[in-house]
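Me: I'd like to go through the salt bridges in this one. Can we start with the charged pairs and how accessible they are?
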Amino acid sequence: MKGPKKSVLYGILGVCFVGQGLLMRGLGYQPSQSDYDPVTVENKKTGVFRVVKKLKPGVDKPAFQGIYSSWSRDFAPRKTVAAAGLSPDQLLFALAGFREMIAGILWVRADSFFDTGNYDAILPIIRLVTILDPSQIDVYATGMWHIGYNFTDEEQRSDRRYIPSALALGKEGCRQNPETYEMFFETGWMWYHKIDDDYPQAVKWFEQAQTKPDMIPARKNLLAMAFQRDGQPDAALDTYSRLLNKAESEFDKDQAFGNRQLRDTIQNNIDTTLVRMVQRGWVAEKEGRPLTGYDTDPAFDVGFSAKATIIDSRVIKFEGTWNVLPVGTRVRVVLRDKDYTVNLDGKDTDVGKPAGMNWDYSNDVNLDPPRDRTFMMDQLFVRNRRFSRKVDLSKDPTMYPFTEKEYWLEFYYNPRSAPPHIQDKFGYNGEGMTDKNFLRNDVRPGQKLPNGKELPQKVVYVRLPISRDMILRRGEWQDKVPVIKTPNYVETANNYDKDETLIDIPSLRSGGGAEKK
Amino acid sequence: MKPILSIASTTIGEAIRRKVLLIILLIGVLFLFVAPGLGVLSARSETTVLRGMMLGIIQLTSAVIAIVLTVYMIPNEIERRTIYTILSKPVTRWQFLVGKYLGAIGALGMMMALMSSIMILVFWRLQSADVSQLADLAKAPVMYFIQMCLLASVAIFFSTFVSPLVNFFLAGGMYLLGSLFSPFFQTLSENPNTAQVAKIFALVVNTILPNFSNYNVQNPIINPNQTIQNEGAYYLQVTIYGLFYIGILLVGGILIFDRREV
């Protein structure tokens, strides 16, 4: 061979091979995705918010960072989706270019499915679009709402088995778009509005949304609302005060109508919160003073009783009493598998909890809910101190498969979810509510007061066992009507109480006690 | 050096006269001009879609050109027996191979420069992008050029011992594998359920194979919401990586071509 000797060529080959390997892999420990925290920073010149990945405390900088480590930090097509275990064909899609274009076209297609009511067809599109273009926040937000709200039975009861998937989608949206508040807010909203029971979670997500600089000021009020629902009016007040300071400074800078309106709204909210904190005895409770004379004293006996009659296969009539006359009470009823198990990490895990579920059990977006599980949740509206509602589960066998033998029928009332005019009497944590038979303070966590005292969360809760044979009217129940009721339930043909005594709910507007007949 | 440059310039001349390459380029350019009108089909922000689509067109067209240009280069010379006239002159085989390679990437560079200029022009005229935005946008084609140089070296290497058709699929397959393997490796390494053996295997393969995905820097350009840390150092690193890998393939090609009977 003329020209360079073979030994030289082999030498070059060796040097190049070692060199490329060294550049690719680096020297020392190479940080992976999980070693970084996304931090949102604002570019002062452009006003654009960007995410900077910073090494977590305790993780050492590599001696020499390889290309792979840098690439997966800064350039990889959305690492967390890849880490969630995409199949190679999905990866191929994601990497073949034109991702945003294809995702956009698919989303337009999904819109036509919305119009025709073909909701099932939308789910795979949502998943595909979020994989192809994880920056498309609208798809995450709309998808979350769609999964959480739109899968309903014939009577418009939503399929709660989908909620963990909706939350998982929300969490993925947050991981993919940590620079903006939107998905944190949407996830918080799902906890606040749809789940409407586990308020510490709503607070957690709204608080994270507030840390994002692009959050719309008007939406920040929701954190204070969530704090109140969580029984922490003092934290709500702190939030409002902080927002008021900001709103006032904005109004000083620019006296536009929007700025004025925002400031006035926050002021009004602060006034209302202060009045409620005092009148509901929260301030007295915090200071360790007796609650005598406050609206929550004496505690009002709600006199709960319930009966469930299986009038036909999968058709249940719920009746019961609730002594609160003003309209606005909704008692939650849940019918679920006795062991509401789902397959997590290859084993069946019971994710059921009293009158609900461990909604947050999944981090993987699984658009196929556990179809062999049964979880029915509905609200029983109280009118004239009674409730009566027929629930027909016969038309939607896929939503209510009744594959298990044993079930819980649960009735639940949490004063934290009550409308303000009823909460004025019951208090933030049920201080003004009692029930001779079913008052519980071990079903939901209480509130720790600043003075170290634990304020228990009072709820009304009862669960009654019910079998599949009873629900399906099979076996011994073929000819008998199954009736399940609380021991205190009294049969009455009278749905209207002639002597309609108003409970003593001092209203904020009347400035004191309402009339008593 | 002179023989190398002579062969390179002749190769460039041949390349820009090849109709099949011009047709591929023409299709790419046509798509670049049509792209702004396609944004309306999508629900996504028009700028985002346009950026993604234009960069995708440039990358895809360049990859096809790079493969088609290089797979026929050596076999054609042998088949048409023109190689004898070249090698009978004071030109060694390694100079011939390197000259051909430089000519190929020269032609490729010209075609990519044309497409990138059209993209910049479209963004400047239709999207009213400022200089810094245009400079940001231009980073991706520059990285793609190094990627295509690497792809061309893969095809040149294979062309020293396989037929053009086989080479077409081999080089294309390597490009696909090298583009996909980093995310695939990432999936494997971050999945707690992956067996240790599979992780080690993926690590070895990912270290040995030419890694084309290093040059796919379009994601933060399309969705500019992340600050790239040590951006300059990264580009320098991947450029040196590319040179090392091109070196491996060219030296390998020279060693094989040197032993081949023509």
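Me: Asp153(A) and Arg157(A), buried or exposed?
Reply: This is a predicted model. In it, Asp153(A) is buried, and Arg157(A) is buried as well.

Me: What does Asp153(A) form with Arg157(A)?
Reply: A salt bridge, with the closest N and O atoms 2.9 Å apart.

Me: Why does Arg157(A) count as buried?
Reply: Because its relative accessibility is 3%, and the cut-off for buried is under 20%.

Me: Which side chain does Glu155(A) meet in a salt bridge?
Reply: That of Arg157(A), at 2.8 Å from N to O. Glu155(A) has 27% relative accessibility, so it counts as partly exposed.

Me: Changing topic. Which residue pairs with Asp442(A) in a salt bridge?
Reply: Arg440(A), with their side chains 2.9 Å apart, N to O.

Me: And where does Asp442(A) fall, buried or exposed?
Reply: Exposed, because its relative accessibility is 55% and exposed means over 50%.

Me: What about Arg440(A)?
Reply: Arg440(A) is partly exposed, at a relative accessible area of 31%.

Me: Which residues do salt bridges with shared partners join into one network?
Reply: Asp153(A), Glu155(A), Arg157(A), Asp378(A) and Arg389(A).

Me: Last one. How many salt bridges are there over all chains?
Reply: A search of the whole structure finds 35.

Note on methods:
Residues are numbered from 1 along each chain as its sequence is written. Chains are lettered from A and ligands numbered from 1 in the order in which they are written. This is a predicted model: local features need pLDDT of at least 70, side-chain atom pairs count only at pLDDT 80 or more; totals for chains, interfaces and linings use all residues. Side-chain values use heavy atoms; hydrogens and water are left out. A salt bridge is a side-chain nitrogen of Lys or Arg within 4 Å of a carboxyl oxygen of Asp or Glu. Buried means under 20% relative accessible area, exposed over 50%, partly exposed in between (1.4 Å probe, protein chains only).
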